[in-house]
Amino acid sequence: MVDFDVIVVGAGPSGSVASYLLASKGHEVLMLERGKRPGSKSMFGGRLYAWSLEKVFPSFWKDAPVEREVKKEVLGFLHQDRGIEVKLSTEPEAKSFTLLRAKFDKWLSDKAEDAGAEVISGIKVRSPLIKDGKVKGIVAEDGEEIESHVVIAADGALSFMAEKAGLRQKLSREDFAVGAKEVIELPRSVIEDRFGLEGDEGAAQLYIGDLTQGVIGGGFLYTNLESVSLGVVMRIGSLAENVGHINTAMWGITEKFKSHPIIRKYLKGGKIVEYSAHIIPETQFLREIKLYTDGMIVIGDAAGFCVNYGVTVRGMDFAIESAIAAAETVDDALSKGDVSSSNLKKYRSLLERGILRDLGRARKAVSLMEDRRLYTSIPKIAVRTLEHLFKVDGKPKDSLYSKLKKELSEENMSVISSLLLGWKAIRSL
Ligand SMILES: Cc1cc2nc3c(=O)[nH]c(=O)nc-3n(C[C@H](O)[C@H](O)[C@H](O)COP(=O)(O)OP(=O)(O)OC[C@H]3O[C@@H](n4cnc5c(N)ncnc54)[C@H](O)[C@@H]3O)c2cc1C
């Protein structure tokens, strides 16, 4: 006699959605979270694309603690103390919201609890419980064993559950990026004035340039109702190679980003109310992972369903979509009374029709993002050429084309190589 039908490890968005869906189908679900409460250990940049959560909770934004709906997109190129901000002036075609994870994760786990799942926080799971080569439950940090028909590993990027179940190798630093973030409080009216927003509209602003000192990565700024989320995301391997000690460099780069004249003006008078750092799985580790074994399925970041585009990270919507596929598979397997791999392989086929295709495409974009010229030469050339266009001081002036050629040659680039880089970008994004 097992204790539960399903044990879900981790109460992030993937764990809570899987728990909610399975509990709603009448299964006995236990969700375990190591933090003091769901959301207390969570961190992300700031934007949730709505498409996958909408399938579970239609119009969820009317009820969920979202901050602002993103209506303004900005891409910025920074060079020294100068820069360009390119604003997309049309309404975004897809709904997305800024949010703060401490509130949002709690809301989502409450939904699971309301549907009948048992949610226990403050319990760290040590490993899957493996008997006769099959996963039969979990072992908690204190050694207590809890049995279930199925375990869903939703334990985030490091996923010791996946590793201990033998679904993937130990990961190296090349498999991760790292993000540092601060939440800076500002009065609502100040945010709306400074970012040019009306009412609950939100802004998503991404920046690349010499702020990361040649490290692959970029900065972000998202508006919440009464705060902004600001931070940087960088490849760990590239960070260690270029600037040495990771922690010191990461916060140093965050400070530099904050003090850039373009960014500083958004933050003036703000008060830091929270800071945090977290790792991000890189898509290459997706290739290395098996997604299920007898009695266990891996979802969300634990399975590597996250894309770091260099300037922006997308993982919440993938995490939720994988939870939907996992819940459908587990429900099916439980009703057949067979939770072996052969019955769980439906999970992969559901994903293959959806997010695995997207993630495959994203890998191409990610390989483009490995071109360091995007973080060094391109922002510099863009800023200096545009400055030239608007410079009128009565002196004879090079044509824009000559200026561009001069700037390109200073960066050992030609018009052709820059066109090729642009072409590669268009093909991969
Ligand atoms: C800096 C940064 C910026 C990002 N920006 C964005 C963004 O703007 N938009 C976006 O869509 N995505 C973004 N992401 C990615 C996004 O945060 C993840 O893809 C998403 O959180 C994955 O959800 P999850 O439920 O799979 O894992 P997580 O959210 O990591 O949840 C895992 C949960 O498991 C718990 N846990 C871990 N180990 C154990 C254990 N042994 N026992 C019990 N509980 C455990 C953790 O405490 C946590 O609550 C960002 C990530 C970072 C780091």
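A polar contact is taken here as a pair of N or O atoms within 3.5 Å, and the views below are all drawn from a predicted model.

**View 1. Polar contacts between the ligand and the protein.** In this view an oxygen atom of the ligand lies 2.7 Å from an N or O atom in the side chain of R101. The side chain of S14 also takes part, with an N or O atom that is 2.8 Å from an oxygen atom of the ligand. The backbone contributes at M316, where a polar backbone atom is 2.9 Å from an oxygen atom of the ligand. On its own the ligand has 1,000 Å² of accessible area, and the protein covers 95% of that area.

**View 2. The shell of residues around the ligand.** Two or more residues of the shell come from each of the elements α1 (13-24), β2 (29-33), β15 (271-281), β19 (313-314) and α9 (316-336), and β15 gives the most, with three residues. There are 35 residues around the ligand, of which E33, G45, R47, R101 and D301 come nearest. Sorted by class, the shell consists of 16 nonpolar, ten polar and nine charged residues.

**View 3. The ligand in relation to the domains.** The domain assignment divides the protein chain into domain 1 (4-65 + 100-168 + 289-353), domain 2 (174-281) and domain 3 (372-428). Because domain 1 and domain 2 both give residues to the shell around the ligand, the ligand lies between these two domains. The C-alpha centres of domain 1 and domain 3, by comparison, are 46 Å apart.

View 4. S16 is a residue of helix α1, whereas A11 belongs to the loop between β1 (4-9) and α1. With a relative accessibility of 0%, S16 counts as buried, because the cut-off for that class is under 20%. A11 likewise counts as buried, at 1% relative accessibility. When residues up to four places away in sequence are not counted, S16 touches A11, M31, D105, L108, S109 and A112. With its neighbours within four places in sequence left aside, A11 is in contact with S16, M31, L32, E33, P38 and D105. The C-alpha atoms of A11 and D105 are 7.4 Å apart in space, although 94 residues separate the two in sequence.

**View 5. F305 and its approach to G315.** F305 is placed in the loop between β17 (296-298) and β18 (307-308), and with a relative accessibility of 0% it counts as buried. Along the chain F305 and G315 are ten residues apart, and their C-alpha atoms are separated by 6.3 Å.

**View 6. Two loop residues with positive phi.** Q213, although not a glycine, has a positive phi of about 55°, and its place is in the loop between β12 (201-209) and β13 (217-223). At 39% relative accessibility, Q213 counts as partly exposed. N412 is not a glycine either, and its phi is positive at about 55°; this residue lies in the loop between α14 (400-410) and α15 (415-428). N412 has a relative accessible area of 74% and is therefore exposed, the cut-off for that class being over 50%.

Definitions and conventions: Residues numbered from 1 in each chain as written. Predicted model: local features only at pLDDT ≥ 70, side-chain atom pairs only at ≥ 80, totals over all residues. Heavy atoms only, no water. Near = heavy atom within 4 Å. Polar contact = N/O pair within 3.5 Å; in protein donor to acceptor, adjacent residues only side chain to side chain. Areas by Shrake-Rupley, 256 points an atom, 1.4 Å probe, with all protein chains shown as cover. Helix = DSSP H or I, 4+ residues; strand = E, 2+ residues; numbered from the N terminus. Nonpolar A, V, L, I, M, F, W, Y, C, P; charged D, E, K, R; others polar. Domains from an automatic or database assignment. Buried < 20%, exposed > 50% of the residue type's maximum accessible area, 1.4 Å probe, protein only. Contact = heavy atoms within 4.5 Å.
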